[in-house]
Amino acid sequence: MFSRRSSQRALGVVALGSLVAAGPCDIYASGNTPCVAAHSTTRALYDDFSGALYQVQRASDSAKTDISPLTAGGVADAGAQDSFCAGMTCLISIIYDQSGRRNHLTQAPPGGFDGPESNGYDNLASAIGAPVTLNGQKAYGVFVSPGTGYRNDQTNGVATGDGTEGMYAVLDGTHYNDGCCFDYGNAETNNLDTGDAHMEAIYYGSCTIWGRGTGSGPWVMADLENGLFSGSGAGQNGGDPSISSRFVTAVLKGKPGQWAMRGANAASGSMSTYYSGARPSGYNPMREEGAIILGIGGDNSVSGAGTFYEGAMTSGYPSDETEAAVQADIVAAKYATTSLTAGPEMAVGSSVKLQATTRGYTTRYLAHSGSTVNTQEVSSSSSTALKQAASWKVRAGLSNSDCVSFEAGDASGSYLRHYNFVLQVGRGDGSKQFNEDATFCPLAGLAGDDTTSIRAWGYPTRFLRHYDNVGYVARNGGVETFDAASSFNDDVSWLVSSGFV
(Lines give C-alpha, C1' and ligand atoms only; values in the text may rest on other atoms or scores of the structure.)
Protein backbone atom coordinates (compact mmCIF):
# COMPACT_ATOMS: atom_id res chain seq x y z
CA MET A 1 0.00 0.00 0.00
CA PHE A 2 1.13 3.55 -0.74
CA SER A 3 2.53 4.85 2.54
CA ARG A 4 3.70 8.40 1.78
CA ARG A 5 1.72 10.96 3.77
CA SER A 6 1.10 13.18 0.74
CA SER A 7 -2.36 14.32 1.79
CA GLN A 8 -1.13 15.18 5.28
CA ARG A 9 1.65 17.26 3.77
CA ALA A 10 -0.73 19.11 1.50
CA LEU A 11 -3.13 19.90 4.33
CA GLY A 12 -0.26 21.22 6.43
CA VAL A 13 0.67 23.88 3.89
CA VAL A 14 -1.57 26.85 3.25
CA ALA A 15 0.28 28.13 0.18
CA LEU A 16 3.45 27.35 -1.70
CA GLY A 17 5.02 30.55 -0.44
CA SER A 18 4.60 29.46 3.17
CA LEU A 19 6.86 26.40 2.84
CA VAL A 20 9.80 26.74 5.21
CA ALA A 21 11.51 23.33 5.30
CA ALA A 22 10.34 21.30 2.32
CA GLY A 23 11.82 19.11 -0.35
CA PRO A 24 10.73 19.01 -3.99
CA CYS A 25 8.18 16.26 -3.36
CA ASP A 26 6.64 18.17 -0.43
CA ILE A 27 6.20 21.08 -2.83
CA TYR A 28 4.62 18.91 -5.52
CA ALA A 29 2.23 17.47 -2.93
CA SER A 30 1.24 20.95 -1.82
CA GLY A 31 0.30 21.67 -5.43
CA ASN A 32 -1.93 18.57 -5.53
CA THR A 33 0.49 16.81 -7.91
CA PRO A 34 2.23 14.35 -5.56
CA CYS A 35 5.35 12.45 -6.47
CA VAL A 36 4.80 8.86 -7.54
CA ALA A 37 8.54 8.29 -7.89
CA ALA A 38 11.42 10.19 -6.28
CA HIS A 39 15.03 9.28 -7.03
CA SER A 40 18.23 10.87 -5.82
CA THR A 41 21.68 9.76 -4.75
CA THR A 42 22.52 13.23 -3.43
CA ARG A 43 19.73 14.13 -0.98
CA ALA A 44 16.30 13.42 0.41
CA LEU A 45 13.46 14.81 -1.70
CA TYR A 46 11.02 14.96 1.25
CA ASP A 47 11.72 17.03 4.33
CA ASP A 48 11.27 14.06 6.68
CA PHE A 49 12.78 11.29 4.56
CA SER A 50 15.49 9.36 6.39
CA GLY A 51 15.43 6.02 4.58
CA ALA A 52 17.87 4.59 2.07
CA LEU A 53 18.63 6.76 -0.96
CA TYR A 54 20.67 4.22 -2.88
CA GLN A 55 22.67 1.03 -2.55
CA VAL A 56 26.32 0.46 -3.41
CA GLN A 57 27.99 -2.86 -4.11
CA ARG A 58 31.68 -3.70 -3.82
CA ALA A 59 33.32 -5.51 -6.71
CA SER A 60 35.75 -7.41 -4.49
CA ASP A 61 33.24 -9.41 -2.44
CA SER A 62 29.81 -8.31 -3.81
CA ALA A 63 28.93 -6.91 -0.38
CA LYS A 64 26.23 -4.22 -0.42
CA THR A 65 25.22 -1.35 1.81
CA ASP A 66 22.51 1.30 1.74
CA ILE A 67 23.35 5.00 1.85
CA SER A 68 20.89 7.25 3.69
CA PRO A 69 20.79 10.99 4.40
CA LEU A 70 22.98 12.33 7.18
CA THR A 71 19.79 13.71 8.74
CA ALA A 72 16.11 13.47 7.83
CA GLY A 73 15.54 15.56 4.72
CA GLY A 74 19.27 16.09 4.32
CA VAL A 75 22.23 15.31 2.10
CA ALA A 76 23.42 11.75 1.46
CA ASP A 77 26.02 10.32 3.83
CA ALA A 78 28.93 10.21 1.38
CA GLY A 79 31.27 9.35 4.23
CA ALA A 80 29.47 6.04 4.77
CA GLN A 81 30.03 5.18 1.11
CA ASP A 82 33.68 6.24 1.23
CA SER A 83 34.26 4.07 4.28
CA PHE A 84 32.51 1.04 2.79
CA CYS A 85 34.33 1.36 -0.54
CA ALA A 86 37.77 2.32 0.80
CA GLY A 87 40.50 0.63 -1.25
CA MET A 88 37.91 -1.03 -3.50
CA THR A 89 35.69 -0.26 -6.46
CA CYS A 90 31.94 0.15 -5.95
CA LEU A 91 28.89 0.38 -8.20
CA ILE A 92 25.47 1.92 -7.60
CA SER A 93 23.23 -1.16 -7.62
CA ILE A 94 19.86 0.37 -6.62
CA ILE A 95 18.45 3.90 -6.67
CA TYR A 96 15.60 3.76 -4.19
CA ASP A 97 12.24 5.44 -4.64
CA GLN A 98 11.57 7.82 -1.78
CA SER A 99 7.84 8.17 -2.54
CA GLY A 100 6.86 4.99 -0.72
CA ARG A 101 5.59 3.34 -3.91
CA ARG A 102 8.69 1.16 -4.27
CA ASN A 103 9.46 2.38 -7.79
CA HIS A 104 13.13 1.59 -7.29
CA LEU A 105 15.57 1.67 -10.20
CA THR A 106 17.84 -1.32 -10.75
CA GLN A 107 20.13 -2.65 -13.48
CA ALA A 108 18.33 -2.43 -16.81
CA PRO A 109 17.71 -5.71 -18.66
CA PRO A 110 18.15 -6.22 -22.41
CA GLY A 111 15.45 -5.06 -24.79
CA GLY A 112 15.48 -3.91 -28.39
CA PHE A 113 19.18 -3.37 -27.78
CA ASP A 114 21.47 -5.41 -25.58
CA GLY A 115 23.59 -3.80 -22.92
CA PRO A 116 27.30 -4.63 -22.64
CA GLU A 117 27.02 -6.65 -19.43
CA SER A 118 26.49 -10.41 -19.16
CA ASN A 119 23.24 -11.67 -20.74
CA GLY A 120 22.64 -8.30 -22.38
CA TYR A 121 22.10 -6.34 -19.17
CA ASP A 122 23.30 -2.75 -18.92
CA ASN A 123 26.23 -1.64 -16.83
CA LEU A 124 25.78 -0.16 -13.38
CA ALA A 125 27.25 3.27 -12.66
CA SER A 126 30.41 3.89 -10.66
CA ALA A 127 29.71 5.04 -7.12
CA ILE A 128 32.43 7.72 -7.39
CA GLY A 129 32.02 9.07 -10.91
CA ALA A 130 30.10 12.26 -10.11
CA PRO A 131 31.12 13.88 -6.80
CA VAL A 132 29.47 17.19 -5.94
CA THR A 133 28.63 19.22 -2.86
CA LEU A 134 25.25 20.41 -1.63
CA ASN A 135 25.49 23.27 0.81
CA GLY A 136 29.13 22.30 1.24
CA GLN A 137 28.42 18.62 2.00
CA LYS A 138 29.85 15.99 -0.33
CA ALA A 139 27.54 13.67 -2.25
CA TYR A 140 27.71 11.51 -5.36
CA GLY A 141 25.60 11.63 -8.51
CA VAL A 142 25.00 8.92 -11.11
CA PHE A 143 27.56 9.16 -13.93
CA VAL A 144 26.07 7.40 -16.96
CA SER A 145 28.60 6.25 -19.54
CA PRO A 146 27.34 4.68 -22.78
CA GLY A 147 26.11 1.22 -21.87
CA THR A 148 24.90 2.20 -18.39
CA GLY A 149 21.20 2.05 -17.54
CA TYR A 150 18.57 1.62 -14.81
CA ARG A 151 14.93 0.61 -15.12
CA ASN A 152 11.72 -0.46 -13.40
CA ASP A 153 9.11 -2.17 -15.59
CA GLN A 154 6.62 -2.90 -12.80
CA THR A 155 5.77 0.43 -11.28
CA ASN A 156 3.04 1.75 -9.03
CA GLY A 157 1.14 4.97 -9.74
CA VAL A 158 3.06 6.08 -12.85
CA ALA A 159 0.88 7.46 -15.67
CA THR A 160 -0.33 5.11 -18.41
CA GLY A 161 -2.32 5.63 -21.59
CA ASP A 162 -3.08 9.31 -22.08
CA GLY A 163 -2.56 9.96 -18.40
CA THR A 164 -1.40 13.21 -16.91
CA GLU A 165 2.06 13.48 -15.37
CA GLY A 166 5.02 15.71 -14.67
CA MET A 167 8.70 15.11 -14.02
CA TYR A 168 11.92 16.93 -13.33
CA ALA A 169 15.60 16.06 -13.16
CA VAL A 170 18.77 17.81 -12.04
CA LEU A 171 21.60 16.96 -14.42
CA ASP A 172 25.20 17.84 -15.25
CA GLY A 173 24.92 20.34 -18.10
CA THR A 174 28.44 19.62 -19.33
CA HIS A 175 28.21 15.82 -19.52
CA TYR A 176 26.37 14.68 -22.65
CA ASN A 177 26.81 13.21 -26.09
CA ASP A 178 24.86 12.87 -29.34
CA GLY A 179 23.88 9.25 -28.76
CA CYS A 180 20.44 7.86 -28.07
CA CYS A 181 19.35 8.29 -25.42
CA PHE A 182 20.12 9.73 -21.99
CA ASP A 183 16.56 9.77 -20.62
CA TYR A 184 14.69 9.91 -17.34
CA GLY A 185 10.97 9.23 -17.28
CA ASN A 186 8.10 7.11 -18.56
CA ALA A 187 8.81 4.25 -21.00
CA GLU A 188 7.70 0.86 -22.31
CA THR A 189 7.26 -2.03 -19.92
CA ASN A 190 8.66 -4.69 -22.28
CA ASN A 191 11.93 -2.86 -23.09
CA LEU A 192 11.00 -2.68 -26.78
CA ASP A 193 9.94 0.09 -29.15
CA THR A 194 6.18 -0.39 -29.18
CA GLY A 195 5.46 2.67 -31.31
CA ASP A 196 4.97 6.41 -31.31
CA ALA A 197 3.65 8.00 -28.10
CA HIS A 198 4.56 5.07 -25.86
CA MET A 199 7.13 7.15 -23.96
CA GLU A 200 7.27 10.48 -22.17
CA ALA A 201 10.75 11.09 -20.80
CA ILE A 202 13.22 13.92 -20.33
CA TYR A 203 16.12 13.71 -22.78
CA TYR A 204 19.39 15.62 -22.44
CA GLY A 205 22.09 15.72 -25.09
CA SER A 206 23.00 16.91 -28.57
CA CYS A 207 21.34 14.27 -30.75
CA THR A 208 19.89 15.82 -33.94
CA ILE A 209 18.37 12.76 -35.61
CA TRP A 210 14.79 13.87 -34.91
CA GLY A 211 14.56 17.30 -33.32
CA ARG A 212 16.84 19.99 -31.99
CA GLY A 213 16.95 23.38 -30.36
CA THR A 214 18.98 26.45 -31.20
CA GLY A 215 22.76 26.41 -31.52
CA SER A 216 24.77 23.22 -31.34
CA GLY A 217 23.36 21.85 -28.07
CA PRO A 218 23.09 20.23 -25.67
CA TRP A 219 19.33 20.62 -25.27
CA VAL A 220 16.53 19.53 -23.02
CA MET A 221 14.08 17.61 -25.20
CA ALA A 222 11.27 15.10 -24.81
CA ASP A 223 11.66 11.47 -25.84
CA LEU A 224 8.16 10.43 -26.90
CA GLU A 225 9.40 7.29 -28.71
CA ASN A 226 10.59 7.34 -32.31
CA GLY A 227 11.33 10.99 -31.87
CA LEU A 228 13.11 13.52 -29.68
CA PHE A 229 10.94 16.62 -29.66
CA SER A 230 11.80 20.20 -28.81
CA GLY A 231 8.44 21.60 -29.86
CA SER A 232 5.20 20.83 -31.68
CA GLY A 233 6.89 18.68 -34.30
CA ALA A 234 10.17 17.33 -35.63
CA GLY A 235 12.93 19.75 -36.53
CA GLN A 236 14.19 22.82 -34.77
CA ASN A 237 12.36 24.71 -32.06
CA GLY A 238 13.70 28.23 -31.74
CA GLY A 239 12.52 28.42 -28.14
CA ASP A 240 14.72 25.55 -26.95
CA PRO A 241 18.17 26.97 -26.12
CA SER A 242 21.54 25.28 -25.99
CA ILE A 243 22.50 24.74 -22.36
CA SER A 244 25.74 26.12 -20.94
CA SER A 245 25.22 25.88 -17.17
CA ARG A 246 27.09 23.29 -15.12
CA PHE A 247 23.92 22.15 -13.31
CA VAL A 248 20.61 21.95 -15.17
CA THR A 249 17.02 21.57 -14.02
CA ALA A 250 14.96 19.89 -16.75
CA VAL A 251 11.16 19.70 -16.57
CA LEU A 252 8.64 17.82 -18.71
CA LYS A 253 4.89 17.50 -18.22
CA GLY A 254 2.00 16.21 -20.28
CA LYS A 255 -1.76 15.86 -20.31
CA PRO A 256 -4.32 15.00 -22.98
CA GLY A 257 -3.62 17.17 -26.02
CA GLN A 258 -0.90 19.26 -24.39
CA TRP A 259 2.66 19.09 -23.13
CA ALA A 260 5.33 21.47 -21.90
CA MET A 261 9.08 21.46 -21.57
CA ARG A 262 10.94 23.81 -19.23
CA GLY A 263 14.42 24.30 -17.84
CA ALA A 264 16.70 26.36 -15.65
CA ASN A 265 20.18 26.73 -14.26
CA ALA A 266 19.97 24.48 -11.21
CA ALA A 267 22.43 26.66 -9.29
CA SER A 268 20.70 30.01 -9.77
CA GLY A 269 17.79 31.76 -11.40
CA SER A 270 14.25 30.88 -12.32
CA MET A 271 12.48 28.46 -14.64
CA SER A 272 12.00 29.22 -18.35
CA THR A 273 9.45 27.62 -20.65
CA TYR A 274 10.97 26.18 -23.81
CA TYR A 275 7.69 24.89 -25.24
CA SER A 276 4.08 24.66 -24.13
CA GLY A 277 1.37 23.63 -26.54
CA ALA A 278 -0.15 20.89 -28.64
CA ARG A 279 1.15 17.37 -28.93
CA PRO A 280 3.08 16.49 -32.11
CA SER A 281 1.15 14.83 -34.92
CA GLY A 282 0.80 11.12 -34.19
CA TYR A 283 1.30 11.65 -30.47
CA ASN A 284 -2.23 12.57 -29.46
CA PRO A 285 -3.48 10.63 -27.66
CA MET A 286 -0.45 9.33 -25.82
CA ARG A 287 -0.05 5.63 -25.09
CA GLU A 288 2.21 5.73 -22.06
CA GLU A 289 3.10 2.39 -20.48
CA GLY A 290 4.41 3.46 -17.07
CA ALA A 291 7.89 1.95 -16.80
CA ILE A 292 10.66 4.23 -15.49
CA ILE A 293 14.06 4.52 -17.16
CA LEU A 294 17.29 6.33 -16.37
CA GLY A 295 20.20 6.74 -18.78
CA ILE A 296 18.68 4.76 -21.67
CA GLY A 297 15.92 4.83 -24.26
CA GLY A 298 12.67 2.93 -23.95
CA ASP A 299 13.99 0.10 -26.13
CA ASN A 300 17.20 0.00 -24.09
CA SER A 301 19.13 2.18 -26.53
CA VAL A 302 22.41 2.49 -24.63
CA SER A 303 24.45 5.07 -26.55
CA GLY A 304 23.61 8.10 -24.40
CA ALA A 305 25.73 9.72 -21.71
CA GLY A 306 24.96 12.10 -18.87
CA THR A 307 24.93 12.60 -15.12
CA PHE A 308 21.83 12.43 -12.93
CA TYR A 309 21.66 13.91 -9.43
CA GLU A 310 17.97 13.89 -8.56
CA GLY A 311 14.54 13.65 -10.15
CA ALA A 312 10.92 12.84 -9.54
CA MET A 313 7.74 11.95 -11.41
CA THR A 314 4.29 13.18 -10.41
CA SER A 315 0.64 12.34 -10.68
CA GLY A 316 -1.11 15.28 -12.31
CA TYR A 317 0.08 18.24 -14.35
CA PRO A 318 2.16 20.52 -12.07
CA SER A 319 1.49 24.23 -12.27
CA ASP A 320 4.23 26.65 -13.28
CA GLU A 321 3.99 28.04 -9.74
CA THR A 322 4.69 24.64 -8.24
CA GLU A 323 7.65 24.14 -10.57
CA ALA A 324 8.98 27.59 -9.67
CA ALA A 325 8.95 26.56 -6.00
CA VAL A 326 10.72 23.29 -6.83
CA GLN A 327 13.37 25.23 -8.75
CA ALA A 328 13.85 27.56 -5.78
CA ASP A 329 14.34 24.52 -3.53
CA ILE A 330 16.94 23.10 -5.94
CA VAL A 331 18.82 26.41 -6.02
CA ALA A 332 18.72 26.49 -2.20
CA ALA A 333 20.39 23.07 -2.15
CA LYS A 334 23.47 24.82 -3.58
CA TYR A 335 24.82 22.22 -5.95
CA ALA A 336 28.52 22.87 -6.56
CA THR A 337 31.49 21.08 -8.06
CA THR A 338 34.20 19.43 -6.01
CA SER A 339 37.50 17.75 -6.81
CA LEU A 340 37.51 14.70 -9.06
CA THR A 341 41.03 13.72 -8.01
CA ALA A 342 42.77 12.51 -4.86
CA GLY A 343 46.01 10.92 -3.76
CA PRO A 344 49.53 12.02 -4.72
CA GLU A 345 49.50 15.19 -6.79
CA MET A 346 50.39 15.16 -10.47
CA ALA A 347 51.52 18.68 -11.23
CA VAL A 348 50.42 20.00 -14.60
CA GLY A 349 53.50 20.65 -16.69
CA SER A 350 55.61 17.98 -15.02
CA SER A 351 57.01 14.84 -16.64
CA VAL A 352 56.13 11.57 -14.94
CA LYS A 353 56.72 7.88 -15.24
CA LEU A 354 54.21 5.22 -14.20
CA GLN A 355 55.80 2.15 -12.60
CA ALA A 356 53.88 -1.11 -12.25
CA THR A 357 53.50 -2.32 -8.67
CA THR A 358 52.27 -5.86 -9.29
CA ARG A 359 54.70 -8.42 -7.87
CA GLY A 360 57.05 -9.63 -10.62
CA TYR A 361 56.41 -6.59 -12.82
CA THR A 362 57.97 -3.75 -10.83
CA THR A 363 60.75 -3.21 -13.38
CA ARG A 364 58.16 -2.31 -16.00
CA TYR A 365 56.75 1.12 -16.83
CA LEU A 366 53.83 2.30 -18.91
CA ALA A 367 55.26 3.14 -22.32
CA HIS A 368 54.31 3.11 -25.97
CA SER A 369 55.64 1.84 -29.28
CA GLY A 370 53.98 3.95 -31.92
CA SER A 371 50.29 3.90 -31.08
CA THR A 372 50.51 0.70 -29.00
CA VAL A 373 50.61 1.16 -25.23
CA ASN A 374 52.22 -1.48 -23.06
CA THR A 375 54.60 -1.88 -20.15
CA GLN A 376 58.29 -2.18 -20.88
CA GLU A 377 61.38 -2.72 -18.78
CA VAL A 378 63.20 0.57 -18.44
CA SER A 379 66.33 1.35 -16.45
CA SER A 380 69.02 4.00 -16.22
CA SER A 381 70.93 2.20 -18.95
CA SER A 382 68.01 2.11 -21.40
CA SER A 383 68.16 4.09 -24.61
CA THR A 384 67.06 7.70 -24.67
CA ALA A 385 64.29 6.74 -27.09
CA LEU A 386 62.85 4.17 -24.66
CA LYS A 387 63.11 6.59 -21.75
CA GLN A 388 61.17 9.16 -23.75
CA ALA A 389 58.54 6.58 -24.70
CA ALA A 390 58.07 5.77 -20.99
CA SER A 391 57.77 9.42 -19.92
CA TRP A 392 54.52 11.36 -19.95
CA LYS A 393 53.95 15.10 -19.77
CA VAL A 394 51.05 15.96 -17.44
CA ARG A 395 48.59 18.35 -19.03
CA ALA A 396 45.31 19.77 -17.78
CA GLY A 397 42.57 17.35 -18.74
CA LEU A 398 41.51 17.92 -22.32
CA SER A 399 37.86 17.32 -21.40
CA ASN A 400 37.86 18.32 -17.73
CA SER A 401 40.63 20.48 -16.30
CA ASP A 402 40.12 19.05 -12.81
CA CYS A 403 41.63 15.83 -14.16
CA VAL A 404 44.70 15.33 -16.37
CA SER A 405 45.80 14.19 -19.79
CA PHE A 406 49.11 12.51 -20.58
CA GLU A 407 51.06 13.82 -23.55
CA ALA A 408 53.61 11.40 -24.97
CA GLY A 409 57.14 12.41 -23.97
CA ASP A 410 58.44 11.72 -27.45
CA ALA A 411 55.53 12.99 -29.55
CA SER A 412 54.30 16.51 -28.91
CA GLY A 413 50.53 16.79 -29.45
CA SER A 414 49.95 13.05 -29.08
CA TYR A 415 48.15 11.77 -26.03
CA LEU A 416 47.37 8.62 -24.11
CA ARG A 417 43.74 7.68 -24.76
CA HIS A 418 41.48 4.64 -24.65
CA TYR A 419 39.64 3.26 -27.66
CA ASN A 420 37.31 0.32 -27.10
CA PHE A 421 38.96 0.23 -23.64
CA VAL A 422 42.40 -0.45 -25.13
CA LEU A 423 45.03 2.20 -24.43
CA GLN A 424 46.75 3.82 -27.38
CA VAL A 425 48.66 6.97 -28.23
CA GLY A 426 47.08 9.20 -30.84
CA ARG A 427 47.37 12.67 -32.24
CA GLY A 428 44.93 15.03 -30.56
CA ASP A 429 42.26 16.14 -33.01
CA GLY A 430 40.34 18.48 -30.71
CA SER A 431 37.14 16.44 -30.98
CA LYS A 432 34.87 16.01 -27.99
CA GLN A 433 35.28 12.23 -28.16
CA PHE A 434 39.06 12.29 -28.29
CA ASN A 435 39.30 14.79 -25.47
CA GLU A 436 37.06 12.69 -23.25
CA ASP A 437 38.93 9.48 -24.06
CA ALA A 438 42.23 11.21 -23.25
CA THR A 439 41.16 12.56 -19.84
CA PHE A 440 42.01 10.64 -16.67
CA CYS A 441 41.42 11.32 -12.99
CA PRO A 442 44.14 10.24 -10.50
CA LEU A 443 42.99 8.80 -7.18
CA ALA A 444 44.64 7.27 -4.14
CA GLY A 445 45.91 3.87 -5.21
CA LEU A 446 43.61 0.91 -4.63
CA ALA A 447 46.67 -1.06 -3.47
CA GLY A 448 47.66 1.66 -0.99
CA ASP A 449 51.32 2.35 -0.07
CA ASP A 450 51.48 5.78 -1.74
CA THR A 451 50.40 4.40 -5.11
CA THR A 452 48.06 6.11 -7.56
CA SER A 453 45.13 4.61 -9.46
CA ILE A 454 43.99 6.49 -12.54
CA ARG A 455 40.39 6.21 -13.70
CA ALA A 456 39.03 7.09 -17.12
CA TRP A 457 36.98 10.31 -16.87
CA GLY A 458 34.28 9.13 -19.29
CA TYR A 459 34.11 5.58 -17.86
CA PRO A 460 34.69 5.99 -14.12
CA THR A 461 34.28 2.26 -13.46
CA ARG A 462 37.48 1.75 -15.49
CA PHE A 463 41.11 2.29 -14.46
CA LEU A 464 44.48 2.30 -16.23
CA ARG A 465 45.63 -1.30 -16.02
CA HIS A 466 48.43 -3.44 -17.34
CA TYR A 467 47.30 -6.94 -18.26
CA ASP A 468 49.69 -9.33 -20.01
CA ASN A 469 51.89 -6.23 -20.30
CA VAL A 470 49.34 -4.42 -22.50
CA GLY A 471 47.60 -1.21 -21.43
CA TYR A 472 43.83 -1.05 -20.95
CA VAL A 473 41.15 0.80 -19.04
CA ALA A 474 39.67 -2.07 -17.05
CA ARG A 475 36.76 -2.66 -14.70
CA ASN A 476 37.11 -4.96 -11.71
CA GLY A 477 35.27 -8.16 -12.61
CA GLY A 478 33.84 -6.87 -15.89
CA VAL A 479 33.06 -8.93 -18.98
CA GLU A 480 36.32 -8.34 -20.86
CA THR A 481 39.29 -10.67 -20.43
CA PHE A 482 41.39 -7.75 -19.20
CA ASP A 483 38.72 -7.02 -16.54
CA ALA A 484 39.76 -10.13 -14.59
CA ALA A 485 39.42 -9.66 -10.85
CA SER A 486 42.69 -11.45 -10.09
CA SER A 487 45.38 -8.92 -8.99
CA PHE A 488 43.14 -6.06 -10.15
CA ASN A 489 44.02 -3.63 -7.35
CA ASP A 490 47.74 -4.18 -7.89
CA ASP A 491 47.51 -3.93 -11.67
CA VAL A 492 45.72 -0.55 -11.51
CA SER A 493 48.02 0.91 -8.85
CA TRP A 494 51.09 2.79 -10.10
CA LEU A 495 54.08 4.42 -8.48
CA VAL A 496 54.24 7.90 -9.97
CA SER A 497 57.56 9.74 -9.99
CA SER A 498 59.50 12.18 -12.12
CA GLY A 499 59.86 11.13 -15.73
CA PHE A 500 62.99 9.53 -17.18
CA VAL A 501 63.51 12.62 -19.32
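User: Which residues does Gln-258 touch, not counting residues up to four places away in sequence?
Analyst: This is a predicted model. Gln-258 sits in strand β19, residues 258-265. Leaving out residues up to four places away in sequence, Gln-258 touches Ser-276, Gly-277, Arg-279 and Tyr-317.

User: Is Gln-258 buried, partly exposed or exposed?
Analyst: Buried requires under 20% relative accessible area and exposed over 50%. The relative accessible area of Gln-258 is 26%, so the residue is partly exposed.

User: What distance separates the C-alpha atoms of Gln-258 and Thr-208?
Analyst: Along the chain, Gln-258 and Thr-208 are 50 residues apart. Between their C-alpha atoms the separation is 23 Å.

User: How many disulfides does a search of the whole structure find, and what is the pairing in sequence order?
Analyst: The criterion is a pair of cysteine sulfur atoms within 2.5 Å. The search of the whole structure finds four disulfides. With the bonded cysteines of the chain numbered in sequence order, the pairing is 1-2, 3-4, 5-6, 7-8.

User: What parts does the disulfide of Cys-25 and Cys-35 tie together, and what is its handedness?
Analyst: The S to S distance between Cys-25 and Cys-35 is 2.2 Å, and both Cys-25 and Cys-35 are buried. Cys-25 belongs to helix α2 (residues 24-30) and Cys-35 to strand β1 (residues 35-40), so the pair links parts 10 residues apart in sequence. The torsion about the S-S bond of Cys-25 and Cys-35 is about -95 degrees, so this disulfide is left-handed.

User: Is the peptide bond from Cys-180 to Cys-181 cis or trans?
Analyst: Cys-180 and Cys-181 are also joined by a disulfide, S to S 2.0 Å, which is left-handed with -85 degrees about the S-S bond. Cys-181 is in the loop between β11 and β12 and is buried, with a relative accessible area of 1%. Omega from Cys-180 to Cys-181 is near -10 degrees, and the peptide bond is cis.

User: How many residues apart in sequence are the parts tied together by Cys-403 and Cys-441?
Analyst: The disulfide of Cys-403 and Cys-441 has an S to S distance of 2.0 Å and is right-handed, with 90 degrees about the S-S bond. Cys-403 lies in the loop between β27 (392-396) and β28 (404-408), and Cys-441 in strand β31 (residues 440-444), so the parts tied together are 38 residues apart in sequence.

User: Is His-418 buried or exposed, and which residues does His-418 touch?
Analyst: His-418 lies in strand β29, residues 414-419. Its relative accessibility is 3%, so His-418 counts as buried. Not counting residues up to four places away in sequence, His-418 touches Leu-423, Asp-437, Phe-440, Ala-456, Tyr-459 and Val-473.

User: Which residues touch the most other members of the largest nonpolar core?
Analyst: The largest nonpolar core has 83 residues. Another core, of 30 residues, lies apart from it and includes Leu-416, Ala-456, Tyr-472 and Trp-494. In the largest core, the residues that touch the most other members are Tyr-150 and Tyr-335.

User: What classes of residue line the largest cavity?
Analyst: The count gives one cavity of 30 Å³ or more, and the space in the largest cavity is about 40 Å³. The elements giving two or more residues to its lining are β11 (165-172), β12 (183-187) and β13 (200-205). By class, the lining of the largest cavity has no polar residues, one charged and seven nonpolar.

User: What is the phi of Asn-135, and where is Asn-135 found?
Analyst: Most residues other than glycine have a negative phi. Asn-135 is not a glycine, yet its phi is positive, at about 50 degrees. Asn-135 is found in the loop between β7 (131-134) and β8 (137-140).

Conventions. Residues are numbered from 1 along each chain as its sequence is written. This is a predicted model: local features need pLDDT of at least 70, side-chain atom pairs count only at pLDDT 80 or more; totals for chains, interfaces and linings use all residues. Side-chain values use heavy atoms; hydrogens and water are left out. Helices (H or I, at least four residues) and strands (E, at least two) are DSSP runs, numbered from the N terminus. Buried means under 20% relative accessible area, exposed over 50%, partly exposed in between (1.4 Å probe, protein chains only). Contact means heavy atoms within 4.5 Å. On a 1 Å grid over the protein atoms alone, a cavity is a set of points where a 1.4 Å probe fits but cannot get out, and a pocket is an open set with protein on both sides within 12 Å along at least five of seven lines; lining residues have an atom within 4 Å of a point. Grid points are joined across faces, edges and corners, and a volume is the space filled by probe spheres set on the points. Ala, Val, Leu, Ile, Met, Phe, Trp, Tyr, Cys and Pro count as nonpolar, Asp, Glu, Lys and Arg as charged, and the others, Gly among them, as polar. A nonpolar core is a set of buried Ala, Val, Leu, Ile, Met, Phe, Trp, Tyr and Cys residues joined through side-chain atoms within 4.5 Å.
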